[in-house]
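Morning, everyone. I have one structure to walk through today. Let me put it on the screen.

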Amino acid sequence: MFWKANKGAAIVLLIGMLAAFAAYFIIGSGSQGDIDLAKKVLSTAICVVLFTAALLSFIQAKTGPSLEIVEELTEQHFEQMAALEAQYYGADCITPPAEAYRWYKRYPATTIAAAIGGQVVAFVNLFPVKESIYTALREGKFNDHTLTLDGLADPFDGSDEPLHMFLCCVLTEPAYRRLGLTRHLLALAVEQYEPVQQRCRRIITDNVTPAGAEFSRRYGFEQVQLSGHDSLIFEQDYADFVAHVSGTQQAEPTER
């Protein structure tokens with residue numbers, strides 16, 4: 001994605017540097033070469049190339065689509081999310097987009113997503129599930145591919161009952177993983193549940209890829225067991241998870 005956004009600047013930088021060094025060797029080589037002039041030409045050319053590339057990159061950033069948190073998700077966005085997931089695991093581990101959109105329409109806090117030009121590049125699904133669903137997840141007997149709206153719990157129902165949190169999916173396109181986007185989305189997701197955080201007891205993840213398991217370990221989760229659909233189940237106290245997301249508890253230096 002970043003290559004596409006800065007393709008023009010990268011080409012200018014590459015060609016310009018090649019031309020600068022070519023001029024340096026042409027001017028400075030041979031018996032008639034002027035090495036001092038070659039050095040001046042090289043340094044001047046490098047400065048011009050760097051300035052031109054930076055200016056072009058700036059213009060592209062200003063005129064091109066920018067990365068933003070999607071305020072109101074549509075069913076098309078959920079189809080994009082499912083397509084992202086399909087790059088890493090099979091349809092038997094992906095909640096149908098129409099059903100995930102039903103979750104969002106009933107409980108908007110379930111999904112936080114970032115997009116460029118309307119195309120989702122990263123998202124987080126975090127929400128409470130009913131105790132029976134949580135128990136089945138922990139026992140490795142439930143695949144969230146089959147999770148429906150009826151399995152979700154209302155976090156803002158005004159009761160004092162414990163909430164069993166499920167970090168259903170965390171996915172960021174590779175180009176954005178080193179920019180802190182994943183942690184930012186997690187922080188926004190956690191922020192939505194601050195009014196009921198005292199009710200959130202435990203949180204669970206169901207990881208179907210090695211990268212997912214690595215993410216869980218990085219954020220303080222401990223493995224519980226292998227599920228019936230060959231995924232790894234991780235769990236921890238919700239308060240500890242929030243501390244890892246906020247940075248008050250240091251994460252291990254190593255995403256689902």
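Predicted model: local features only at pLDDT ≥ 70, side-chain atom pairs only at ≥ 80, totals over all residues.

Start with the core. The largest nonpolar core has 65 residues. Seven of its members have the most contacts inside it: Leu126, Phe127, Leu147, Leu167, Leu186, Tyr238 and Phe241. In soluble globular proteins, nonpolar side chains tend to be buried together.

Take Leu186 from that list. What is Leu186 in contact with, leaving aside its neighbours within four places in sequence? The partners are Val124, Leu167, Val170, Phe215, Tyr219, Phe241 and Val245. Leu167 and Phe241 are also on the list of residues with the most contacts inside the core.

Next, helix α4, which covers 75–85. Which of its residues are buried? They are His77, Phe78, Gln80, Met81, Ala82, Leu84 and Glu85. These buried residues pack against α5, β2, β3 and β4. For orientation, β2 spans 111–116.

The lining has 17 residues. Glu85, Thr95, Ala100, Phe123 and Asn125 lie nearest the centre. Glu85 is also one of the buried residues of α4.

Where does the lining come from? At least two residues each come from α4, α5 (97–106), β3 (119–129) and β4 (163–172). The largest share is from α4, with four residues. By type, the lining divides into twelve nonpolar, two polar and three charged residues.

Now the strands. Strand β7 runs over residues 232–237. It pairs with β5, residues 200–207, in the antiparallel sense over six bridges. There, Ile204 has Glu235 as its bridge partner. Strand β7 also pairs with β6, residues 222–226. That pairing is antiparallel too, over four bridges. Gln225 in this pairing stands opposite Ile233 of β7.

How many residues separate β6 and β7 in their hairpin? Five. Look at Asp230, in the loop between them. Its phi is near 65°, a positive value in a residue other than glycine. Most residues other than glycine have a negative phi. Is Asp230 buried or exposed? It counts as exposed, because its relative accessibility is 62% and the cut-off for exposed is over 50%.

To recap: a nonpolar core of 65 residues, a cavity with its largest lining share from α4, and β7 paired with β5 and with β6. Thanks.

Conventions:
Residues numbered from 1 in each chain as written. Heavy atoms only, no water. Core = buried A, V, L, I, M, F, W, Y, C linked by side-chain atoms within 4.5 Å. Buried < 20%, exposed > 50% of the residue type's maximum accessible area, 1.4 Å probe, protein only. Contact = heavy atoms within 4.5 Å. Pairing = 2+ DSSP bridges. 1 Å grid on protein atoms, 1.4 Å probe; cavity = no way out; pocket = protein on both sides within 12 Å on 5 of 7 lines; lining within 4 Å. Nonpolar A, V, L, I, M, F, W, Y, C, P; charged D, E, K, R; others polar.
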